[in-house]
Amino acid sequence: MTDYTRATPMSQPVPLGQWMMLHIIRPLGRWAFVLPLLIVNAVVIIIPSVSGILYAFTDWNGIGDANWVGLANFQKLFQDPIFFQAFTNNVIYTSLFLIIPIFMGLLGAYLLAGITHGQVIFRLIYFIPYMFSSVINTQIWRYLLHPRYGIGAELAKYGITFLDFPIFGRRDTALYGIVFVDGWHWWGFLVVLYLAAMTQVDKELYEVARLDGATRFQQFRFVTLPSIRPTLIFTMLIIFIGTTLVFDHVYILTGGGPAHASEVMATYLYTQAFQNFDVGYAASIGVMLALWVSVPLSIFYILRRRGWEI
Amino acid sequence: MKLLRPLILIFVGLFMSGTVIAQDEVVTLTLWVETTDQIQLDHLQQALVQPFEAAHPNIRLEISGQEQMQDVLRTAILGGTAPDILQTFGPSWNAEYIAGGFMEPLNDYAAQYGWEDELLPWAYATGTVSGTLYSIPLTYESIIMFYNRTLFEEQGWTVPTNRAELEAVANAALEQGIHPLSYGNRDAVFANGHLISAYLNNYVPREDLRAALVGEKQWTDPVFAEAIALLTEDIAEKGWWSGGLENYYQYEGADFWTELATGEAAMIIVGTWGFDSAPLYFDETDNDWDWAPVPNMTETPQPSVFPLAIGSTLAINANSQHKDEAAMMLNFLISNPEVVLDIASGFNFSEWLVPLHFELDDFPEGVDPRVMRFHSEFAAATGQGEYGYANWTFWPGPANNHLRVEIEGVWEGLATIEDYLAAHQAVWDDVRASGNTIPVP
């Protein structure tokens, strides 16, 4: 039987039908299986993304004609103090999320790893907040931290006043209050992820470390962390992306106020598109969002290509 | 040839049956409304759909409530799936749709049915752009002051009608640990605009405010700065609202209405949709409520002003396949005051009250006399030309957004009033250049 997978020597002419089967029909068959997914990807992701980039160079109001304005939206963007406020808030948001929830996730996972009885119960308790939608999560904390009905107001009746202030109504605390609420919602998921990664670490490595006299902290530092590095890097990437694109918690808890103190790029984009009817400008904000998100992704990709084990 | 005659008969028969079917065809009109309250939707079925369909047997009217309707409607309009009849939040929302050709011109229908004679003149004008009618007003509103009448009687306070009386009541309330006023913008930053409108209309002379709206006066004029300064002083420095500006940012409707109903606050300055809210909260207490015009804020007392406002409008989708039938539905509302009043009764006359030439006798029995008093005083004042201009009706979208959002920078001390108004003027200049302004009566 003829083996069509082997190249035919140049000295022997290939029948046309055989050549078409090998170079056209079979590849087309393979592509046909992925074609539906490609079509969905194109319609849902690629076309809107390219459209969004193009609209960033227009004055489109979301309804009428889109007229080309070149770089005018980007020039306006780089002179917009509110955009820089929003960008700064996003950097703060991301920085806090890369520290506090990750630290709490690692600590929680490390402590849970040492529990044999009842571990599942603790994992479930820590994971429950993650299962809430952001709307439910924000409503819970809006009333827990309410200046009239909240924990602070109730404690103040007994003379404990350190929490008796409107966290989301003050410019200096609004953003940090949102980070707290979002972090409470998120850290349980990290515990579960890190715990799963820690259980995959070879126990012999810990045994060797103990024999070498390593303390528990040194075991964590030199055995656990390097072993779960891929999971750690993965969570850092998704945190970076998630906190750069954060919208729901900010929109519901403060709307970006007071006076843009908790404004982030996503809420500012929304305001420009749906309240100012300046979709072209909003699209330019979206382009900047995408560029900012691509920075760590690009670094990650480059380092992986260079052989870094991350 | 033998087959030709039967074929002709068959074709004629098919054509005739198609014509008969077309004559009996029932047209279905679709309308999306912003209420999702099932009681109110059921009321619309009983008060609007049923009488309309009874009067128009070949038209079915399908009404559905939509959450976040303005966002949903915008997407549907762009996607070609919008309903036949479009309900929007008012003229300032319509400019973009009109510019994009999504709203059908209604001049021919208005002439056919005589709408200009049925609607109040100022209300009819708000639906026009460059002389072409695009929408009819569905709800007229204003800004007033609700107060806890029981609290005022117990404390011996006089309902304020001017700045001096307002300060007296506010100081007396603060001494009692009562918030002089309560409000909040956590539901929506729209609340900022309500307060700005209340102060602008009751401090700035009407002709000056109108001049700024039509471009004959600059927003940087000192009279506007003084009004904004007064509001900033009251809300940010004196803390008259909600126990402080920081609380104001966190309060939503349930918070400030509860404060008023329980006597923790004395007054609320809000739109007339408050007639729907006040009974809900006061019925849970032993206190009673009432309303008064927003006090005049000038040093030399002047009559209070009712700002004109259109809370929502109805328009015909330019891509609708049933424009004539949609116009019939609009005409059904405009030409039947008793139907309008019946519909509005389900909203405590705070919505769906098309601005027609009502008489007080037209209102059904059992209507809250406080609500009747508002409509009576509003009609009397506006009929004599004593009215103002609410931001959500007469400020174009971008200008309205700047007005209510960036005021927080002034309240927080991040921006001067002069810078705020200069930026506001710049937004107006851009809007005027694009031609998307709103007619001002």
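Modeller: Two residues are in contact if their C-beta atoms, placed from the backbone, lie within 7 Å. This is a predicted model, in which local features need pLDDT of at least 70, side-chain atom pairs count only at pLDDT 80 or more, and totals for chains, interfaces and linings use all residues. Residues are numbered from 1 along each chain as its sequence is written, with chains lettered from A and ligands numbered from 1 in the order in which they are written.

Biologist: Which residues of α13(A) does α10(A) meet?

Modeller: Helices are DSSP runs (H or I, at least four residues), numbered from the N terminus. From α10(A), Leu237(A), Phe240(A), Ile241(A) and Thr244(A) take part. Their partners in α13(A) are Leu289(A), Trp292(A), Val293(A), Pro296(A), Leu297(A) and Phe300(A).

Biologist: Are α10(A) and α13(A) roughly parallel or antiparallel?

Modeller: The axes of α10 (229-244) and α13 (279-305) of chain A, lines fitted to C-alpha atoms over the stretch in contact, come within 10 Å and cross at roughly 175°. Angles run from 0 to 180 degrees between N-to-C directions, and those over 145 count as roughly antiparallel. The crossing therefore makes α10(A) and α13(A) roughly antiparallel.

Biologist: Which element gives the most to the side of chain B that touches chain A?

Modeller: In this interface, 21 residues of chain B are in contact with 20 residues of chain A. The elements of chain B giving two or more residues are α3 (69-79), α4 (91-99), α13 (245-248) and α20 (397-411). With five residues, the one that gives the most is α20(B).

Biologist: What distance separates the centres of domain 1 and domain 2 of chain A?

Modeller: The domain assignment, automatic or from a database, gives domain 1 (1-42) and domain 2 (77-305). Taken over C-alpha atoms, their centres are separated by 49 Å.

Key:
Parallel < 35°, antiparallel > 145°, perpendicular 65-115°, else oblique.
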